[in-house]
Amino acid sequence: MTRFRIDLGYRGTDFHGWAKQPGLRTVQGKLEDGLARVAGTEVAAVVAGRTDAGVHARRQVVHLDLGDEAIARLVGRSSRTAETALLSRLRGVLTADGSDDLVVHAVSEAPADFDARFSALWRSYRYRLADHRSFVDPLLTAVTPRHKGELDAEAMAEAADEARGLHDFLPFCKPREGATTIRTLHDLDVVRDDDAVITIDLRADAFCHHMVRALVGGLIRVGSGAWPVTGPAELLAEADAGIAPEGPMFVTPAHGLVLTGVGYPAPEDYAARAAQTMARRDLD
């Protein structure tokens, strides 16, 4: 078996998220259907970061394994490499139905110990949010939720500064059974762009379910004056101390969120990073 890395992006508007679901159009379902057509056999794609329905990705990463027969079918009688053949043929089948919302950027052969999910060092996201001050670009309304009234972006940025670091993000996560909600949030930055649209950039070793949109929701509460600037940090401090959060999360709309990148170590460190990632996190 030969392992391949595929770099891709998608517009999440018409997808019901990444993961395959019976009867629903999903990114994984469309990608694996295309892979099966070009490889002549079912192929499982492992993704760096699963995204919810409506969430977009500029730079997502998956890995997959192909056997010799599948590679021979891909290459045929041409002189192309397996990478070039897979890139060309996959692009063709993914757009054969006239759709343009799943794009393959690159295909490369990868070491056998490369794991798109567990070898990753970090994932980064951006959330766009317009308020009363923002110039609303009609070409970007599909990816920019609007908040009624004006938000205090400076207060949101101050609150973001206090939320970085290693924490139990349970107040901002929908926990999965048996999984930890401890994460390291490397970056959380809030700025207004040239159109006065608020952009929130996040980067962490990993994100648990709803974590990005719930953090953005907490910052919106700060910006609207519903929470003090210290609100998000106080919730994290309580969770770090083992105090269960009270009240529901405020999860923002999915269409403002974009996965912007995934970072990996040097190839010789793939296996070690995967082992580290699979070990259960703690706060020590």
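**Which strand gives the most to the lining of the second largest pocket?**

That would be E3, with 3 residues. Strand E3 (56-66) and strand E1 (2-10) each supply at least two residues of that lining; strands here are DSSP runs of E, at least two residues long, and helices are runs of H or I of at least four, both numbered from the N terminus.

**Ground rules**

You're looking at a predicted model, where local features need pLDDT of at least 70 and side-chain atom pairs count only at pLDDT 80 or more, while totals for chains, interfaces and linings use all residues. Residues are numbered from 1 along each chain as its sequence is written, and side-chain values use heavy atoms, with hydrogens and water left out.

**The second largest pocket**

This pocket has a volume of about 250 Å³. It's lined by 13 residues, and Arg11, His56, Arg58, Val143 and Val258 are the closest to its centre. A pocket is an open set of points on a 1 Å grid over the protein atoms alone, where a 1.4 Å probe fits and protein lies on both sides within 12 Å along at least five of seven lines; lining residues have an atom within 4 Å of a point. The volume is the space filled by probe spheres set on the points, which are joined across faces, edges and corners.

By class, the lining has 6 nonpolar, 5 charged and 2 polar residues. Ala, Val, Leu, Ile, Met, Phe, Trp, Tyr, Cys and Pro count as nonpolar, Asp, Glu, Lys and Arg as charged, and the others, Gly among them, as polar. Domain 1 (2-109) and domain 2 (122-268) each put in at least three residues, with bounds from an automatic or database domain assignment.

**The largest pocket**

Here there's about 1000 Å³ of space. Arg50, Arg117, Arg176, Phe207 and Cys208 are the closest to the centre, out of 40 lining residues. Those 40 split into 19 nonpolar, 11 polar and 10 charged.

Helix H5 (211-224) is one of the elements that supply at least two lining residues, along with helix H7 (270-278), strand E2 (46-47) and strand E5 (122-129). H5 gives the most, with 3. Again, domain 1 and domain 2 each contribute at least three residues.

**Rings and charges**

Ring pairs tie Phe114, Tyr264 and Tyr270 into a cluster, and the aromatic pairs number 4. Rings of Phe, Tyr and Trp (its six-membered ring) pair if their centres lie within 6.5 Å; planes under 30 degrees apart count as stacked, over 60 as edge-to-face and the rest as tilted.

Two arginines sit over rings: Arg25 over the face of Phe15, at 4.1 Å from the ring centre, and Arg203 over Trp122, at 5.5 Å. To count, NZ of Lys or CZ of Arg must be within 6 Å of the ring centre and within 35 degrees of the ring normal.
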